[in-house]
Amino acid sequence: MRPDLATCYGQERLPRYTSYPTAPHFSAAFGHVTYAEWLKALPRQASASLYLHVPFCRSMCWYCGCHTTVAKRDGPIAVYESALRCEIDQVVRRIGRRMKVEHIHFGGGTPTIMAPESFADLIGLIRHSFFVTPSAEVAVEIDPRTLSSRMIEALALGGVNRASLGVQSFDPKVQRAINRAQSFEQTEAAAKGLRRSGILGINLDLIYGLPHQTVESCLDTVARCLELRPDRFSVFGYAHVPSFKKHQQKIQEEWLPDSFERHEQTSAIAGALVEAGYVQIGLDHFALPEDAMARALKAGTLRRNFQGYTTDQSSVLLGFGASAIGRLPQGFVQNEVAVPAYSQAVAQGRLATARGYRLNDDDRLRAEIIERIMCDFAVDLARVCARHGFAPDTMLQSASRLRDLVSDGIVELDGLALAVPADSRFLVRSVAAAFDAHLDRSQRLHSRAV
């Protein structure tokens, strides 16, 4: 990496572009009334994906940027589960039919904090309310430290076929600095237990840029993880935003690697995983060659949503739970973030939508351009603009940041064909940002580009 590029671009705070526009631009002008109208208007032939958010953990990891809270008792979790079931009923009533579902994702927080019987009831309600196809991917995020054999059994009986295990780092010094003590043995036991139960799709989640982390400790963590031979890895950069996430104030700035060190860490991890036979997927995912995500990359059908890179092709994402975001043909909606406000809305018999965003034609065009850049490191502007009825030259002229990216060698522009060279791909978010018409109003809420 050229140090001058790291200095120039690496400190920028940019979105991860799991949506466009990004969540900071959602407005309270679009609430539960709008969402109800959008649900009623869904095309009869449309299929949906489901996201269910469980915002509870047994302890707080200080690096965490998710919407979650610590629950020492099971009572609040049970109350929340009841609200979740009520919300599902409310949404289905407004749709007016059983929609086909091909992807389900339980995120958090820690979804497996639920009692096994509660999870079984919830997945049963989902299968009753929607037509979940036999080939549907049903994925759950898991904290290996608290996963019980009874919960593994409930996951298997519920049809879960993909599990994402949080690892982050096995370095004890890093673990102490982020308040997450987790042994390799705990992780190994979880992976083996899941596979024995028939849950064969295993993802491992790593983070670079953590306090006291080094290239050596990153590679040590990768080496241990490779012993488990997961299907996929996600490798995210730590986003330090203590003004937004107060618990991150426990992590001192001087403990953190700079942009150059972060790039060295992510490059070392990527090199080790590719050498071990994994295919790099976009910015931060890796998959075995036979995995569906690697096949999607090869076929040019890779997508991006709020979970990162995905094979999900649905244009409808229904989000359930506090802070959950949904996507419909008309735009985005997000539920109340605070659990009490979410539960109160559901108890009052109304949708818990707090804000949203109605897409216009320019948004849809920019969203596709950004998605292709993030997924393929390339985009044919002529083809995409033609599909949306826009002049590509006008789009290029509006991307004022692009000129500097081209002159710095970060972007190659051949007529209207844009490509990001291999040695610049760590700055792909900077390239995507060139087409973000909303960027300047939200930068303080995002993570560093490198």
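## Strand 5 and its neighbours

In this predicted model, L52 stands opposite F106, a residue of strand 5, and the two strands concerned, strand 2 (residues 47–54) and strand 5, pair in the parallel sense over 8 bridges; pairing here requires that DSSP finds at least two bridges between two strands. Strand 5 is also joined by 6 bridges to strand 6 (residues 131–142), again in a parallel arrangement, and H103 has E137 of strand 6 as its bridge partner. Helices (H or I, at least four residues) and strands (E, at least two) are DSSP runs, numbered from the N terminus.

Strand 5 (residues 100–108) is largely enclosed by the rest of the structure, because 7 of its 9 residues are buried, where buried means under 20% relative accessible area, exposed over 50%, and partly exposed in between (1.4 Å probe, protein chains only). Together with helix 4 (residues 116–129) and strand 6, strand 5 makes a right-handed β-α-β unit; right-handed means that, with the strands pointing away from the viewer, the path from the first strand over the helix to the second runs clockwise.

A search of the whole structure finds 17 salt bridges, each defined as a side-chain nitrogen of Lys or Arg within 4 Å of a carboxyl oxygen of Asp or Glu. One of them joins the side chains of R232 and E137 (4.0 Å, N to O). Since R232 lies in strand 9 (residues 232–237) and E137 in strand 6, the pair ties together parts that are 95 residues apart in sequence. R232 is buried, at a relative accessible area of 7%, and both R232 and E137 belong to a network of salt bridges that also links R162 and D291.

The side chains of D143 and R180 likewise meet in a salt bridge (3.6 Å, N to O). This pair links distant parts of the chain, 37 residues apart, with D143 in the loop between strand 6 and helix 5 (149–157) and R180 in the loop between helix 6 (172–178) and helix 7 (184–196). D143 is buried at 9% relative accessibility, and R180 is buried at 6%.

R224 and E227 form a salt bridge through their side chains (2.8 Å, N to O). R224 is partly exposed, with a relative accessible area of 31%, whereas E227 counts as exposed at 52%.

## Basis of the values

Residues are numbered from 1 along each chain as its sequence is written, and side-chain values use heavy atoms, with hydrogens and water left out. Local features need pLDDT of at least 70 and side-chain atom pairs count only at pLDDT 80 or more, while totals for chains, interfaces and linings use all residues.
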